[in-house]
Amino acid sequence: MNPSPASLPDETPGLYLHVPFCHEKCRYCGFYSERLRSHDPSSLVAALLAELDRYRDVRSVRTVYIGGGSPTSLPPELLAEIITAIKARWPAPEEFTVECNPGQTDERVVSMLRHHGVDRLSLGVQSFHAKELAFLGRRHSVERAIESVRVAQRLGFDHVSIDLVFAIPGSTLVSWRRCLQSAAALGVQHISAYSLSYEPGTPLEVARRAGQFRTIDEETDRAMYEMAIDFLGSAGFAQYEISNFAQSGYACLHNQGYWQNRPYIGIGPAAGSYWQGRRTVNFADIRQYIQRIEAGSDAYELSAHPDRNERLCETAVLNLRTREGVDLAAFERCTGVDFRRAFEVPLRRHNRGGLIEISDDRVRLTRNALAVADSVLCDFSCL
Amino acid sequence: MDTRHIRNFSIVAHIDHGKSTLADRMLELTGTITQRQAQEQLLDDMDIERERGITIKASAVTMEYQYEGHTYMLNLIDTPGHVDFHYEVSRALAACEGALLIVDASQGVEAQTVANAYLAVETGVEIMGIINKIDLPAAQPEVVAEEMEHVLGIRRNECFLISAKTGQGIGELLDAVCELLPAPEDRSDEPTRALVFDSHCDPYRGVICYVRVFSGSLKVRQKIRLMHKGRSYLVTELGKFRPTMTPVEELGVGEVGYIVANIRNLADVNVGETITEDANPAPDPLKSYQPPMQMVFSDFYPGDNTEYSKLRAAFEKLALNDASFSFTPQNSPALGFGFRCGFLGLLHMEIIQERLERENDVDIVQTAPTVSYEVVTNDDEVRRIESPSELPDRSHIKELREPFVRLEIITSTESIGGIMKLAEGRRCKLIKTDYLNPTRVMMEYKAPLAEIVYDFYDQIKGISRGYATMDYEFTAFEATNLVKIDILVNGQPVDALSLIVHRDHAEQRGRKLIIKLRRAIPRHQFEIPLQVAIGGKIIARETIKAFRKDVTAKLYGGDVTRKMKVLKRQKEGKRRMKSVGSVQVPQKAFMSVLDTSD
């Protein structure tokens, strides 16, 4: 196999490590995780480190992101062991994020993270209304969530991100506005705001289908989204991706790597990689994952080698999620293809429909298109 | 060959009564093909035909059979078995002296049996009644024989009992063909006259005509003349289907075979054409039968992802081998450039549509089929229109006429009530009922074609639990009280959604139609009003609400492949869409014009 240059960008990868444990699963969460108490976390950590070791030839990683599940559900010494191993191999990533569950984020954990060189925390605050947290199945209180942010700030983290969820049944435009106000008042640098989605197989989705509650109607969901963009924008958080907002200079480098379609290495159960032109996803099953790693084989549940056209389309779809959109020169440099020519038909249609804006050097979704981005992006999903 | 030892015949039957199986058995028994060669239903050589179990194009095969010490030449001319292809049956019969009319021993006489019998009688060929599938446990040959006598006038004691599947009775049947069917007249000393009863286009040899020689003979290197077109050609090849094409030097009087003569396009030689010798032409052509009449029209537009020129190329390819299909460029104010296509009937249309998509990678959007109408203008000019959009302004119309058919339905007595109720709602007028036996009845209606062309057959099948069969034949255009319904999508009239209906049903049809459209057209980023106008007046409105949210909130590293798949599926859902202004209208919306259900 002799891949064309575009498939092997000589770029430094990002590193993602998935900790598939939680104390309790939240009702809405579609990510892979299991309850910690039914597992021995040390054997998993051993497997994570073994998988990590397979990339010893990689000279450097650009960013590190430890996510989950909740990484903070691990005993702090195990989490420290993982971080230490990463830092030992790649001492100077440009950004090192750990996701934290506010219920598990106390001074001890935060100072450990700080001590090991983590420089960005992402806190799963989700809401500032107790009822909404209860609806989502979150165990922590509003006060605890606020306190976790304070702890991080007190202990010197100058890059803190929080997650918010809107369109939670029972919420209103008024309650969402209060939520946004509370978030902005916290003094964090980064906010991710997600419309509540009903992921297949989650208890929340089952309950919805059973008619146990009324979902927020589309019109209100849309208005909440628009409100987030406007409110956060005026509070100094510029939108840089569909669901992400940051103070100037605080966009998440790691996640930007995904949307720029740069390579990344994923470690752990259910983690995805885009490495050496290949997209793989590990088994979303702790036992199977450990077994495979211990046996010395790979742990891929899925493996695909996108061809040239698929790479073009992936790049287009991912780039277009960002407010910067497609950098035409960079696109051509990476793929060898003129973006405007390759996607002439959908560009023309959506430009006419007011959903895509085209300038000399960039193509991006218009503000109006953001809330309906999938209906536009699908036209870039294949040639 | 001595004409006394030639027999030319067709097999005609209702669909699934065993026509092709009988043909296969005859080919085997005469040694024309071996059993091993006997590919299932050899005579149907198109995939779609085989899949649908029907024969679309007639074809001919020559067999040899020993009877009473003589070698007989048996020419079997195959016919299609669907109502849309009546004219193919009649053109096959025009080349024959006899017809074998098959009836399934477990099903009895069906609507198409009757229609085929009428055709045979009109053509003047000798009819042999055959009762097939006598091996079936449900076979009731005596009852069926009685029906045949009662309805078709074929004497019950003269019916042949066979099983094409097991081969029972086939030898006797072949003997009877030699014994009972008339031989062609010996007109070998008259000037040459040969009937072209079918043709197809071969990529290498050009047009291959299927011919029956009625007088004189055809020879290789002979100069021939097409009597209707008046053009002359040199015969380069003559032959017979045995069943593969086998060249011969001469086709004598009474014989059936093919002719190749450097004719390039199918349009250069009409089926029904008479071929004569250029140097010694016959004074008159053979009596030609009626050319097929296209009764159903539909517009085809390239979908948003296909180019017009590609669609044109695809149609050209299809038209090469189907002279009864036509297409003309069409420019719709709402849908842009496309083609108006004419078909013999709805099945014919479906077959063309399927071939179009299967054999060409084109994304098409098709409008609801419509029948043709006759408009009498104020200055007494009579015009044929093939689409509601061609209808002139009301003030110029003196009279609007629609096509009527003679409709025959055969069904069980317990479903009579339901069928009569349906027919009444469709403006059909009962002409007569005739009991075939105490449990089966044949009903004859005068029916507007527009009311029965689409789902009527499915409906009577449903009412009769699959029992009823129907057949129809065009009779005449007649004036009725028709109006045009216009549909506005997002304020823009969409000609492809217009329809012509009887005034009494117009308002209700219009209201139903926009409700169906509301369900069929996907939501857009803006609200879409749908309106019904009759005679320029808006009588009803529906609204398609805008969709406000369609976005994946989270997309990070683990989900890229999965998400791309989801997006691709979403894009796939946009296939067969046509932009009407800024509204994308899917194929099924155009078809909802036809749906009269609630």
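**Backbone details in the loops**

B:Arg465 is placed in the loop between helix H11 (456–463) and strand S27 (469–479) of chain B, where helices (H or I, at least four residues) and strands (E, at least two) are DSSP runs, numbered from the N terminus. This is a predicted model, in which local features need pLDDT of at least 70 and side-chain atom pairs count only at pLDDT 80 or more, whereas totals for chains, interfaces and linings use all residues. Residues are numbered from 1 along each chain as its sequence is written, while chains are lettered from A and ligands numbered from 1 in the order in which they are written.

Although B:Arg465 is not a glycine, its phi is positive, at about 50 degrees. Is B:Arg465 buried or exposed? With 10 C-beta neighbours inside 10 Å, B:Arg465 counts as exposed, a term that applies when 12 or fewer other C-beta atoms lie within 10 Å of a residue's own, with C-beta atoms placed from the backbone.

A positive phi, near 70 degrees, is also found at B:Arg221, a residue other than glycine. B:Arg221 lies in the loop between strand S9 (218–219) and strand S10 (223–226) of chain B, and B:Arg221 is exposed, with 10 other C-beta atoms within 10 Å.

Turning to peptide bonds, the one from B:Arg242 to B:Pro243 is cis, with omega near -10 degrees, and B:Pro243 sits in the loop between strand S12 (237–241) and strand S13 (245–248) of chain B. In chain A, the bond from A:Gly68 to A:Gly69 is cis, with omega near 25 degrees, and A:Gly69 belongs to the loop between strand S4 (63–68) and helix H2 (76–89).

Terms used: A residue is buried if 20 or more other C-beta atoms lie within 10 Å of its own, exposed if 12 or fewer, and partly exposed in between; C-beta atoms are placed from the backbone.
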